[in-house]
Amino acid sequence: MIASSAQQTADFAAQYAKTLRPGDVVLLRGEMGAGKTVFVQGAARGLGGQEQVTSPTYAYMNEYPCAGVTLYHFDCYRLSCGAQAEALGLTDYFYAGGICFIEWAENIADVLPAGCKVVEIVKRGENEREIVCR
């Protein structure tokens, strides 16, 4: 999918979120500024969330109640290994029955659950993004 604006990225994410089920873990791949948080904002809207989604860079994880499910948004940029995620209790949320979106998941790859979904966002221009879901 090619999105030509942040709004199109968010709208696509809202539709994608409707395919997710409690317990799903989604790894968000993309360089800094690719639109990973914008994607989570759209996903939260698609799941019926009412709160403003912000980047959890300093908190590591933000929690958002949505319609019938909790969305957990992780930013693992400042982590260097899965042991740090475990020590912070972050890995417990993978099995809490919510839907997890993880930015910079490669930093904690050794503790991720099996069967994660992947969304890759590639910058193709100032506002254009290629979004591939696997």
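The legends below describe close-up views of a predicted model.

**View 1. Helix H2 and its surroundings.**
Helix H2 spans residues 36-46 and is mostly covered, with eight of its eleven residues buried. The buried residues are Lys36, Thr37, Phe39, Val40, Gly42, Ala43, Ala44 and Gly46. After H2 comes Gly48, whose phi is positive, near 90°.

**View 2. The salt bridge between Arg45 and Asp11.**
A search of the whole structure finds three salt bridges, one of which joins Arg45 to Asp11. The closest N and O atoms of this pair are 2.8 Å apart. The pair links distant parts of the chain, with Arg45 in helix H2 and Asp11 in helix H1, 34 residues apart. Arg45 counts as partly exposed, at 43% relative accessibility. Asp11 also counts as partly exposed, at 33% relative accessibility.

**View 3. The salt bridge between Arg134 and Glu120.**
Arg134 forms a salt bridge with Glu120, and the closest N and O atoms are 3.5 Å apart. Distant parts of the chain are linked by this pair: Arg134 belongs to the segment after S7 and Glu120 to strand S6, 14 residues apart. Glu120 has a relative accessibility of 28% and counts as partly exposed.

**View 4. The salt bridge between Arg124 and Glu130.**
The side chains of Arg124 and Glu130 meet in a salt bridge, at 2.6 Å from N to O. Arg124 counts as partly exposed, with 49% relative accessibility. Glu130, at 23% relative accessibility, is likewise partly exposed.

The structure holds eight aromatic pairs. In the pair of Tyr72 and Tyr93, the ring centres are 4.9 Å apart and the planes lie at 55°, so the pair is tilted. Tyr72 lies in strand S4, whereas Tyr93 lies in the loop between helix H3 (82-87) and S5, so the pair ties together parts that are 21 residues apart in sequence. Tyr72 is buried, with a relative accessible area of 7%, while Tyr93 counts as partly exposed at 27% relative accessibility. Both tyrosines belong to one aromatic cluster, formed by Tyr72, Phe74, Tyr93, Phe94 and Tyr95.

**View 5. Arg129, a buried residue without a salt bridge.**
Arg129 lies in strand S7. This residue is buried yet has no salt bridge. The nearest side chain of opposite charge is that of Glu126, 6.8 Å away; a salt bridge would require a nitrogen within 4 Å of a carboxyl oxygen. The side chain of Arg129 does, however, reach the backbone oxygen of Glu126, at 3.4 Å. Leaving aside residues up to four places away in sequence, Arg129 touches Met1, Ile2, Ala3, Thr9, Gly33, Ala34, Ile121, Val122, Lys123 and Arg124. Among these neighbours, Arg124 is the residue whose side chain meets that of Glu130 in a salt bridge.

Technical notes:
Residues are numbered from 1 along each chain as its sequence is written. This is a predicted model: local features need pLDDT of at least 70, side-chain atom pairs count only at pLDDT 80 or more; totals for chains, interfaces and linings use all residues. Side-chain values use heavy atoms; hydrogens and water are left out. Buried means under 20% relative accessible area, exposed over 50%, partly exposed in between (1.4 Å probe, protein chains only). Helices (H or I, at least four residues) and strands (E, at least two) are DSSP runs, numbered from the N terminus. Rings of Phe, Tyr and Trp (its six-membered ring) pair if their centres lie within 6.5 Å; planes under 30 degrees apart count as stacked, over 60 as edge-to-face and the rest as tilted. Lys and Arg count as positive and Asp and Glu as negative; His and the chain ends are not counted. A polar contact is a pair of N or O atoms within 3.5 Å; within protein, one must be able to donate a hydrogen and the other to accept it, and residues adjacent in sequence count only if both atoms are side-chain atoms. Contact means heavy atoms within 4.5 Å.
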